[in-house]
Amino acid sequence: MTKTLTGRVALVTGASSGIGEAAAIALAQAGADIAISARRADRLEVLKAKIEALGVKVLALPGDVVDEKIATEAVEKTVAHFGKLDILVNSAGIMHMGTTEGTDLAEFRRVMDVNLLGTVYTCKAAIAPMKAQGRGDIINISSQAGRKTGPMVGAYSASKHALNAMSDSMRQEVGGHGIRVCVLMPGATTTEVATSISDPNFRAAIQTHVTKDGAVAASEIADAIVFIVSQPQRVNIDLISIRPTIDTSP
Ligand code: NDP
């Protein structure tokens, strides 16, 4: 593969599994140095060794994005270590399913904290260094639940709709500084996302949904991320929806 991203530095949140892990690998394969973040430090160490074997530099930054200080420091430590930050991929996220009437409000808040505010923290911290460089890429992993909704997904869908709105507002603020912002909305993608669902029945249903024949592979979402950041500087792919071909829903 041509190393189109050699010399660039990426920070990927949610890198301990799924789309974030695949994104970190794909960006490294394209030549970027990588900072990886998530709560499970053991997983990050395994990924670090895997990425180092690709011949790029890796910084593991274990931590919880719900903690504003830790999320902000992930950006600051990346910049301090590598001297810059070119690409920020926010893939840390959790799912929640349940009715509005029966919702556990602590879980509702948790979904907003991880999926929305966790991303706000890293974006807020990344803008100043990216402005100073005169360029940067921020890719926020949203969902098909960010463009439509249905019963039982109120919290998750609200977090992703809000993430889309925040991201596009930010895009309009920072584009003049050379910073590109993209919202990426995957459909069913085979990852560990179902494990974050507390209700066992919903967890099993989503597990089946994301592992069904024809579900997208995390590496295929990652390939799209490399494509997005590889565009000529004047081109900002601001919104991208990727879902299984077999998904014929609106
Ligand atoms: P995974 O569960 O495989 O990955 C989620 C990642 O988020 C893990 O690395 C997890 O790491 C991290 N994470 C969760 N909570 C926190 C936290 N509080 N602080 C730091 N990191 C955290 O699922 P996916 O890869 O599928 O999910 C990635 C994104 O894709 C999510 O935003 C999800 O909503 C979105 N998405 C996924 C779809 C799918 O079908 N898979 C479809 C649409 C959207 P750790 O537990 O180690 O902290």
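This is a predicted model: local features need pLDDT of at least 70, side-chain atom pairs count only at pLDDT 80 or more; totals for chains, interfaces and linings use all residues.
## Helix pairs

| Pair | Angle | Distance between axes |
|---|---|---|
| Helix 1 and helix 2 | about 20° | 10 Å |
| Helix 1 and helix 7 | about 50° | 8 Å |
| Helix 3 and helix 4 | about 35° | 8 Å |

Helix 1 covers residues 18-29 and helix 2 covers residues 41-52; they pack at an angle of about 20°. Angles under 35 degrees count as roughly parallel, so helix 1 is roughly parallel to helix 2. The crossing of helix 1 past helix 2 is right-handed. On the side of helix 1, the contact is made by Glu 21, Ala 24, Ile 25 and Ala 28, and on the side of helix 2 by Leu 47, Lys 50 and Ile 51. Sorted by class, the residues of this contact are five nonpolar, no polar and two charged.

Helix 1 also packs against helix 7, which covers residues 218-229, at an angle of about 50°. Helix 1 and helix 7 are therefore oblique to each other. Here, too, the crossing of helix 1 is right-handed. Helix 1 brings Gly 18, Ile 19, Ala 22, Ala 23, Ala 26 and Leu 27 to this contact, and helix 7 brings Ala 218, Ser 219, Ile 221, Ala 222, Ile 225, Val 226 and Val 229. The contact of helix 1 with helix 7 has eleven nonpolar residues, two polar and no charged.

Ala 71, Thr 72, Ala 74, Val 75, Thr 78 and Phe 82 are buried in helix 3. Which elements do the buried residues of helix 3 pack against? They pack against strand 1 (9-13), strand 2 (33-38), strand 3 (58-62) and helix 4 (105-133).

Helix 3 and helix 4 cross in a right-handed way. From helix 3, the contact takes in Glu 68, Ala 71, Thr 72, Val 75 and Val 79; from helix 4, it takes in Gly 118, Tyr 121, Thr 122, Ala 125, Ala 126 and Pro 129. By class, seven residues of the contact are nonpolar, three are polar and one is charged.

Asp 113 is found in helix 4. Its relative accessible area is 27%, so Asp 113 is partly exposed. Residues up to four places away in sequence aside, Asp 113 touches Val 66 and Gly 118. Between Asp 113 and Ser 198 there are 85 residues of separation in sequence and 16 Å in space, C-alpha to C-alpha.

Asp 137 lies in strand 5, residues 136-141. Is Asp 137 buried or exposed? With a relative accessible area of 3%, Asp 137 is buried, because buried means under 20%. Apart from neighbours within four places in sequence, Asp 137 is in contact with Arg 8, Asp 86, Ile 87, Leu 88, Met 130, Arg 180 and Val 229.

Gly 175 is in the loop between helix 5 (154-174) and strand 6 (179-186). The relative accessible area of Gly 175 is 41%, so this residue is partly exposed. Gly 175 and Asn 236 are 61 residues apart along the chain, and their C-alpha atoms are separated by 8.7 Å.

Definitions and conventions:
Residues are numbered from 1 along each chain as its sequence is written. Side-chain values use heavy atoms; hydrogens and water are left out. Axes are lines fitted to C-alpha atoms, for helices over the stretch in contact, and angles run from 0 to 180 degrees between N-to-C directions. Helices (H or I, at least four residues) and strands (E, at least two) are DSSP runs, numbered from the N terminus. Angles under 35 degrees count as roughly parallel, over 145 as roughly antiparallel, 65 to 115 as roughly perpendicular and the rest as oblique. A crossing is left-handed if the near helix is turned anticlockwise from the far one by less than a right angle, and right-handed if clockwise. Contact means heavy atoms within 4.5 Å. Ala, Val, Leu, Ile, Met, Phe, Trp, Tyr, Cys and Pro count as nonpolar, Asp, Glu, Lys and Arg as charged, and the others, Gly among them, as polar. Buried means under 20% relative accessible area, exposed over 50%, partly exposed in between (1.4 Å probe, protein chains only).
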